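Visitor: I'd like a walk through this model, starting with its charged pairs. Could you show it to me?

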Amino acid sequence: MASPTPSPSPTGEPRTYEAAKAAVVQLEAAAARADGGALWDLLTATGQAAITRADYIKVTNACPGLAKSEKYTAIALNDAGNIATVTVTVSEDYGGGTATYSMIYEAGRWKHQPSDSALSWMSLGGDKAVLTLKNEGYC
């Protein structure tokens, strides 16, 4: 009798606190480099549908401090293991204090879910988003 074949390894990232934290660290590293392409790659499908990769890179290049304003301080994973709420400290340049955002487990990966306010500027396209963000003092 032949020995059983091992089952294939699961694809994607695990739905664990450690995997969510690794995705947050990856997000922060991309933000620190002002790497708009890597940041766009880490967006949920909703975020990616709101703005093209090229336009997101354009915004990141024009407003490099936009993504650098936060540093995570806590991550809380929900009971279902599909949403991680990330609490961040916002730099004084952007008003100081704390804020939260979500990492969503989507298609086997942890992805950053943009806030409603971010989705509103993202939906404008690159040039209009840059103009809006400059007018609001983010660039």
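Visitor: How many salt bridges does the structure hold?
Guide: Keep in mind that this is a predicted model. Side chains of opposite charge can pair when their charged atoms come close. Here, the count of salt bridges comes to 3.

Visitor: Which residue meets Asp35 in a salt bridge?
Guide: Asp35 has a relative accessibility of 27%, so Asp35 counts as partly exposed. Its side chain pairs up at 3.2 Å, N to O, and the partner is Arg33.

Visitor: Which helices does the salt bridge between Asp41 and Arg53 tie together?
Guide: The two side chains meet at 3.0 Å, N to O. Asp41 and Arg53 sit 12 residues apart in sequence, so their pair ties together two parts of the chain, helix α2 with Asp41 and helix α4 with Arg53. Both ends are partly exposed, with Asp41 at 33% relative accessibility and Arg53 at 35%. The helices you asked for are α2 and α4.

Visitor: How many residues apart are Asp127 and Lys58?
Guide: These two form a salt bridge, and their closest N and O atoms are 3.1 Å apart. Asp127 belongs to helix α6 and Lys58 to helix α4, so this pair links distant parts of the chain, with a separation of 69 residues.

Visitor: Is Asp127 buried or exposed?
Guide: To count as exposed, a residue needs over 50% relative accessible area. Lys58, its salt-bridge partner, has 35% and counts as partly exposed. Asp127 has 57%, so Asp127 counts as exposed.

Visitor: Why are the buried residues of α6 on the same side?
Guide: The buried residues in this helix, which covers residues 126–135, are Gly126, Ala129, Val130 and Leu133. They are on the same side of α6 because the arc they cover around the axis is only 100°. As a general point, an α-helix has 3.6 residues a turn, so residues three or four places apart point the same way. The value behind the answer for α6 is that arc of 100°.

Visitor: Which exposed residues does the other face of α6 carry?
Guide: On the buried side, α6 packs against α4 and α5. The face turned away from that side carries Asp127, Lys128, Leu131 and Asn135.

Visitor: Which element gives the most to the largest nonpolar core?
Guide: That core has 33 residues, and those touching the most other members are Tyr56, Val86, Met103, Trp110, Trp121 and Met122. Helices and strands both take part, as α1, α2, α4, β1, β2, β3, α5 and α6 each supply at least two residues. With 7 residues, the top contributor is α1.

Technical notes. Residues numbered from 1 in each chain as written. Predicted model: local features only at pLDDT ≥ 70, side-chain atom pairs only at ≥ 80, totals over all residues. Heavy atoms only, no water. Buried < 20%, exposed > 50% of the residue type's maximum accessible area, 1.4 Å probe, protein only. Helix = DSSP H or I, 4+ residues; strand = E, 2+ residues; numbered from the N terminus. Arc of directions from axis to C-beta. Contact = heavy atoms within 4.5 Å. Core = buried A, V, L, I, M, F, W, Y, C linked by side-chain atoms within 4.5 Å. Salt bridge = Lys/Arg side-chain N within 4 Å of Asp/Glu carboxyl O.
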